Structure formats: C-alpha cells, structure tokens
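Have a look at the model below before reading on. The notes after it go through interfaces first, then a few individual spots.

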Amino acid sequence: MKRMLSSIPALIICLSLAVGCAGNSPAQTNSSQSAAAQSESAALQPAEQSASAVAESESAQPVENVEIRAAWWGDTGRNDLYQQITGRFEADNPDVKVICEPVSWTDYWDKLAVQTSSNNAPDFMGMHPQYAADYIGRGKIEPLQQYIDSGALNMEGWPEGVINTGSVNGTLYMLAMGVTFSSVFVNDGLFEQLGVTKPGFDWNWDDMKTIGTDTRAKLDAAGMDSSWFMADLSNNLNSWRYFVRQNGHEIYTADGEIGFTLEDVTDWWTMYTEFRQLGIVPDAATTTEYSTATLEDSLFSRDKVLAILVPVNQFKLYSTTFPDKKLSIIRNPSAAGKAVGEFPEGAHFAISSASAPEKKAAAARLMNFWINSAASLELFGLDQGVPGNTSLSDSYMPNLDEYQLQIYDFVEKLSEIGTPSTFPAAGATEVDALFKSIAESISFEQTTVEDGAQQFFEQAKTIVADNKS
Amino acid sequence: MKRHVFNKPWEAYLFLLPWLVGLLSFTIIPIIMSLYFSFTRYDMANSPLWIGMGNYMTMYKDPRVWKSISVTFRYVLLGIPFQLSFALFLAVILKKQRAGVRIYRAVYYLPSLFGGSVAVALLWRQIFNKEGIINRLLSLLSIEGKNWIASPDTALYTLILLSIWQFGSSMVIFLGGLQQIPQDLYEAGSIDGAGKVRLFFTITLPLLTPMVFFNLIMTIINAFQAFTPSYIISGGTGSPVDSTLFYTLYLYINGFKQFKMGYASAMAWVLLVIIAAVTGVMFGIGKKWVYYDD
Amino acid sequence: MTKRRVNSIIFHVLIILFGFTMLYPLLWMLMASFKTNQEIFAGVNFFPENPTLGNYASGFKGVSGYSFFRFIGNSFLLAAVCIVGNIASCSMAAFAFAKLDFRLNKFLFSVMMVTLMLPFHVRLIPQYIVFNGMGWIDTFLPLAVPKFFATEGFFIFLLTQYMRGISNELLEAPRIDGCSTWQIFLYFMLPLSLPGLMTIGIFTFIWTWNDFFSQMIYISNPIRFTVSVALRMFVDTTGQSTWGALFAMSCVSLVPLFALFIGFQRYLIEGIAAGGIKG
C-alpha cells in the first residue's frame, strides 16, 4: 500500500519529464517503474557521471561482482587516506567495488541513526564504543565469529585483550581499528617558560592539586589570568571512568547494570569543584565556550591550558598542528595506592547485520585487508592507534616517525599495566548526555554537587533499566 | 466578491492535483506514521511497541520539555517583533529607486544567504565570546564584558540576535509588497500635506497588511521550529545549562541521539497543536486587520 | 536642491555604516579566507598579514578526489530542478486557493498550513523509509521530486497571499473574451504574479543551496555531494579542520547567491508597473 501510493508521484514525474528528457538520454519506452526512476536519476546526475556509469556497465565484468558501501567519520586528510586504502583493496579484489561514504563526526551518527531505521546502514562502517552499545543492543551489528571461522577474517597475531575490546557478553561484534589509551598531552614549552615543574609520567590527583595551584600562582604572576593548568573534565565521562575504575568499580557491570556508587560521582564533582575554585581548571563559561571548538581553536591551541586529555593516537595530529609547541605525553592522573584506571580503548570496524550475505562477506574481506595487510597498514599506520595485529609490526615499525614512536611506546607501556574494562550498557549515549548536562549545571552553580550526584545516580539507573526492557 | 467568474468547482481540483498527490504520498504518510509512532516506543531499529498515552504522560513530567518550551517561547516573543520591524524598516528605506539602492538591498540580504552554515558558529563565537569583538569594543569604554555566548543568562540572546541579523527574507517579501502599492496614492497623500511618517501609517502599513500577516505567520511557524541556530552554536546540546535548548532541538536529541523516536513524535504533535493554536488565533485576529482587495 | 543632496549624503553614509556593521562577520570571514589556519585563530588583525590563496586552492581540491566545482555543479543542478518544480506546482495550487471557488477551499488550505507545522525531524524517518522503499536513497530524487508536488507549503501560502492581492477585474475581462480557466492562469495570472514567482524561485535557490541536513542524510557518495554537504566535510571535531578552506569555499558559495539576488531583484521587487494591479 505504502509503496503503491508513494510510487504514484514517481510515475507522474517520469511521464511529465519524459518529453524534456528525450533530448539528452536515449529514448526509454520501458515504462517499468524502476527503469523510469533510473533514467530520471541519470537525468538529475551530472552528465559526466552517468556517462562513466554507462561505460563501466558496458565493460566486461565478472559475474559475481559485489558492490559494498563503506562509511567512516573523519577530516579531509583521513578521507583521502582511507580512500587510498579502499583503492588498494579494490586492486587486490577486482570482484568487489567499494563505495566510500565519508561523513564528519557529528553528521556520521545522525545519518547512521536514520539509515538504521530503514535497514540501510553501510555494509562496512566505523563504530565507536560511545555509540556501539546502542547499535549492538538493537541487533544492528553483525557478529563476526562466523567470518573468523570461514577464514575471511584472520585473527592470527591478535592479542586476546585487543580482540575482546570488540566483544559484548562474549560475542565478537567489532574489530579494533587500533589500540589506544587516554593520555594527557603536556605543553612542555609553556611549563618551562612559567618555571613550573611539569607533572611526571606517573602522577596522581594530589599532584594535580599541588602542581595546579603552583601553576595558578605562576600564571597570575605572568599576567596570564585567563589561562589554566588543565581543561575542566568534570563533564567528561571517559575521564570519570578512570576515576571510577581507580575506586575499584566500573560505570557499567559486565551484565549491563550500573556499577558505580553514589560516592564515585560525589567525590568526582567535589574534587573538580575544588579545582575550579582554586583556578586549576577554567570557569564554567570558558569551558562551555570551548566545548564545541575544533582543535585549532581549542583552549590548548590558544595556550589557555597547559595540559589536555586526548587519546594518545592523536599525538601526531597535535604535534603537526602545533609545530611551535613542545609536547610530551603523560598518563592520566592515577590515584595513589588505588586500582589502575587505564584500559585499552579505540574505535572499531563493524559490519551491518542488515546487509545481504554476499555484501557482508565482502565487507569482512575489506575489514581483514584493512587491519591485517601490510599494504593497508603502510597507509593506515597509527591513525587510530597501534594496529591490533602484532605480527605485522615488523613491517611498519621502520616507517614510524618520531611522533608515531612516542605513541607506540606509550601504548606498549600502558598495555602492560592496563586492565580490561566492561562494555557500556545500552543507553550509554543518554547517560553520557546526562552526565554532561548535570556537570555543567554544577559548574554554573545551578545545582549543588550533592543534588547533582544524587540526580545522576538515580536517573542513570532508570535509563539503563529502561533500555533493558 | 467576483468569484463567480470561475464557476466550475472541479477545475479547482485540477489545479490542486499536484499538491493533492504530493500531500497523499510525501506528506500525509509521514504525518500519520509520526502520529502512530507518538503512541509507541520506537527505537528506529525494532518495530514500534504500542504504549498508548505513555509518551505524553512522560512529557508532562519531563522538566526539560518545560524548559525547552520556555526557551522557545522566549525566542519567539523576543525575536519576531524585532526581526519583523527591522525588516519592514529597512524595506521602506530601501524601497525607493535611487543610486546604489540595489547594492544596498543585496548587502543587507547577504547575512540571510549565509543560512546555517558551519562557519556561522565560529563567526558568532568570534563576536560574542570573552575575547570577542563586542567585549573589545566595550573595553574601549572601560566596561568589562562577560562571556555572552556561554553564560546561561545571555546565550539565548545571542541566538535571537542571529535571527534578527538574518532578517533578509522578510525584507524581500516586504519589498515585493511595497511595490504593489500604487504610487498615485502617495501623491494624493502628499498633496494633502501628510508627512512621511503619517503616509507610512495611513497608506503603506494598511496596504501592506497582507504581507505583514504573511511574514508574521511564517516567522511564527518557523521560530517555533527553530533548530539550526542552537544546533550549530551549542553543538547540538542546548548548553549552557539548557539555556538554548529549543523545543525542536530537544526533540532531535531524543529522536536521533537517544533513539526515542516515539517520544520525539509525541513532542512533535504537541508542538503542532501549539503552533496550530497560535496560528489559528492569528488567522482569527487577522480577519480584522488584514486588507484584501476582494 | 542642496537640502536634498545633504539628505541624500546622510542617507548613504548611514546606510553604509550600518551595512558595514551587518556585514562585519562576513567581511571577517572573507579576510580569514586569505589567512593561514594558524593566523585565523592566533592573529588579532582584521586584515591578513601575508595574504595567501592557499585556502582557495585547497578548497577547490574538494573532498575525496572530487573538485569543489563538481559540488557547485551538483548544487546548481539540484536547485534548478527544484525551482522549476516549485514554481510550476505551487503556482497552480496557490491559484486554486486564491481565486477559485470550491467547497473545500478553506479546509484544504488549513490542511496545507498544518503540514507546515510538524517538525522536520519526525517527518524525516517515515520519509526516509518511503524513499528507501523506492530505491531513491543516494540520489537527488528525494530532494527534487517532492518539489513537483507542491510540498513547500511556505511557497503556496506566499503565492496565495500574493494572488489574493491581484484584482479580480483583471481576470474578468479575458473570461468575457472566452478564455478558459487554464488560459487565464497561464496568460494572465502567471505574468501578473511574476514578482511572486521570482520570489519563490530565489528562495528555492537559496534554501536548496543552504540546506544541509536532508542533503547530508540522503546523499552519501561524494560524487553527488552538494556545496552544503561538502562544506561540512571541512570541519571535523575529531581531527584537523581546514577552517581556511571552509571560509574560502563559503565565500565562493555566496557568490552565486549574491549575483542571483543582484541580477534578479529587478523582477523580484520592481518587476511590476506601479498601479498595474489594483484599479
């Protein structure tokens, strides 16, 4: 019924346009709807493209040609890089054609949400842990074990821990694009200039207070009253996750329940309220103002903060974007005498469960090529962290530049001390938004820490419970 | 009342045919589907689950819905009068044929051409942030400005200014309407010795009422559904502290960020009722002051 | 005479000063398009220190190997089709609402108004499902075809309002001469509504040119990217944004809009002889 109704305009427009189109497209007397729609689409597309499409369809081709759609987020540089990788894959696999669908980070998730509603998600796609639970929980991601069994995906050389970053409840859904850890980038030059001893590689929350206070005093003395030690991370769920883990808990338990305690929230926001009052982190308005800023426009870029929390794989990006700054990498603050916060992180590749079987198989081959072939890793490098396939390291180690070596070292070091974390529960996106919103309200002093923490604790529980039913 | 010229009613439906077809295929189906979704729990992946009035009850208890309604009403009530008077004022000034006027019109229209481009977000921050142009000008007068765009009590006003800045579409519609007013009416008025201001209120404004009415209705409908300004400037969050949380933005957050399309649809229908009520009242009042030549 | 000249000078000075304030953000962007990425954020000067065309070069290189000219071409093509669709379909509907007698006139007009009031985001999902069923995703069809069916209520309303302002007496004469309703519409109503038609044409162009959300949703392959979709690719919060290129291409994409407005405003605003409508 729906289809019939909606095809009425298609027919009418094709009929009405037939006269106009006759001049530049071969006369099509075939009145079947799809053919008409196609000629219509050809008329609307640039002539050059439809011409090339014709040429392509006329050239000899193997019968089992598969066309898959591959989507990712990223900047223009990354798009070019990834397109080269898919290009190399196509050269190796002439029976597969890859259509690239690059989108910027914000738009990527809006678009994927809409596509999912029509079972029209890209066959091969980037997936981020922040959103993965929402898609996996709703059955939109294809489990990968069968492709490993069939040999399409070769997991040789992959450490257990790295493979597991993509499994939920024991089922493998995604493969890591690379392994990375949260880290803190420090503007060494600015510390030297101020005469402040910068935090050591292994530092803790107490150090943050003492060094932060020292920095505040030196900044004020230098007349830099709108600069701070570090950005306000009270609204950063990932940073808080470290804090919760240091207390021996997890935000979510392995079976998808709330795993943190009320104290975990209260202590976190109490600590940051103190940091804010001491001038270690910026005031609320400044934090809000810069919350949407891109890298070039960020607090760090403008020397308004001396240290910043970033996934370590972006070290090269930061170093090349700010050639004038002298940067170094340190750990996230740890908690003296408590558990380790670090856990392996990173973005993943996934396959849409709604795709046709032959497309899924082709997507699995693309995935395998991307993360397991020297030809791809030569280009891909450490863009998303240290590749999971350790047996290929020999092929890319010699090519690493100084920044990549530092990333590599950092990941090596932390892989030894880091412990696996649990996977976010369905509803994690909503919990994340709630966390941000309440943290902001506290920072603007519109909510007290106690009330805010209580609200967050209660509402997070409700959200997770709602998403289970 | 000379409508008897067209006395074959079926002809009207022929003229309406494209619209009717479009209505049935592209508009009614989505509208009915969204109405259905509003009574369901729908996460866009699994089939909708009927929950009756559940979404509407949740809305009633959702403080952020109320917050977003208040933000939206403030945006509508504060933005529209300024935007429209500004547009009308400039349309009247730029109405007359004189040297350079065409360039001026285009120049004043430029901000509207800009739309909701990503660049606007950065531009607006460059103007209204702590170290922005406004505060630099204020510091010349030794006034220390605040962080306009990121403070809960002023952020919404920067978005209202953005909507006023992009007044061009209304201005163009006013300009079109002004050209319809016969010049001889003004000549007659001038002979009677009426001043410019008086001519405006006795001739221009009454004859322009259809366009004023049109602009009023359209800006109301659009302002209630305002989304882009906050989406690009707050990064789609409505921050700081929900002070720019437009109703439609909250609807979008629910639907697209949290996969609660059922709830989002319920919100949409409540908004539809609000807009329809306000517009209905405007149409009712409009009969009294809008001048039609028929 | 001299008083008039003084007035005129004051008028121009004021309008230029005020115009400059209005335009300041855009001029800032124009200047920024000649600065390096660093200078855009670090520099405090309004004028670029060492003007560079590098942003334009990198901007025109485009996205994913497709030059920005292609995106401009795509946007033009889409906009042109939408203009034809909107003008043809909306003028017919508006004529019926404004000038024809039929029982459901008021009711259908209200229905049309109500369709304007449902937020875009909830219509999007059902529409996407419909278009996906027709196999129209990743083509221009979902963006263009509905325009031929008067789905833009705003324009119907605008034209209805406009046509109501046109005197019935002007349409009576041809009727007495034996013209059919269709002929009256074609040969009298449309020419008389030219400014209104120009208005919706120009608005269609601008809206199509600027609309990013639906274009971003429906178009995936970079070969079909439009200007507004491509512009968003220059900014990515997780990587390196090419603000310079964004500003440069934003300036470039304003040129057709600006030119169109200057070129067509004669028809838009002055296209009708004063007194020609109302007797």
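Across the interface of chain C and chain B there are zero salt bridges, a salt bridge being a side-chain nitrogen of Lys or Arg within 4 Å of a carboxyl oxygen of Asp or Glu. By class, the side of chain C that touches chain B has 73 nonpolar, 17 polar and twelve charged residues. Here Ala, Val, Leu, Ile, Met, Phe, Trp, Tyr, Cys and Pro count as nonpolar, Asp, Glu, Lys and Arg as charged, and the others, Gly among them, as polar.

A word on the ground rules: this is a predicted model, where local features need pLDDT of at least 70 and side-chain atom pairs need pLDDT 80 or more, while totals for chains, interfaces and linings use all residues. Residues are numbered from 1 along each chain as its sequence is written, chains are lettered from A and ligands numbered from 1 in the order in which they are written, and side-chain values use heavy atoms, with hydrogens and water left out.

Back to chains C and B: the polar side of things amounts to nine residue pairs in polar contact, both at pLDDT 80 or more. That term means a pair of N or O atoms within 3.5 Å; within protein, one must be able to donate a hydrogen and the other to accept it, and residues adjacent in sequence count only if both atoms are side-chain atoms. On the side of chain C that touches chain B, helix α14 (residues 243–270) of chain C gives the most, with 14 residues. Helices (H or I, at least four residues) and strands (E, at least two) are DSSP runs, numbered from the N terminus.

| Interface | Residues in contact | Buried area | Carbon and sulfur part |
|---|---|---|---|
| Chain C and chain B | 102 from chain C, 99 from chain B | about 9500 Å² | 76% |
| Domain 1 and domain 2 of chain A | nine from domain 1, seven from domain 2 | about 610 Å² | 34% |

In domain 1 of chain A, A:Gln130, A:Asp134 and A:Asp401 lose the most area to domain 2, together 50% of what that side buries. The rule finds one salt bridge across this domain interface. The side chains of A:Asp401 and A:Lys316 meet in a salt bridge of 2.9 Å, N to O.

Helix α6 (residues 129–137) of chain A has seven of its nine residues buried, so the rest of the structure largely encloses it. Buried means under 20% relative accessible area, exposed over 50%, partly exposed in between (1.4 Å probe, protein chains only). A:Asp134 is one of the buried residues of α6(A). Those buried residues pack against α5, β3 (124–127), β4 (167–168), β11 (348–351) and α19 (428–443) of chain A.

Conventions: Contact = heavy atoms within 4.5 Å. Buried area = accessible area lost by both parts, 1.4 Å probe.
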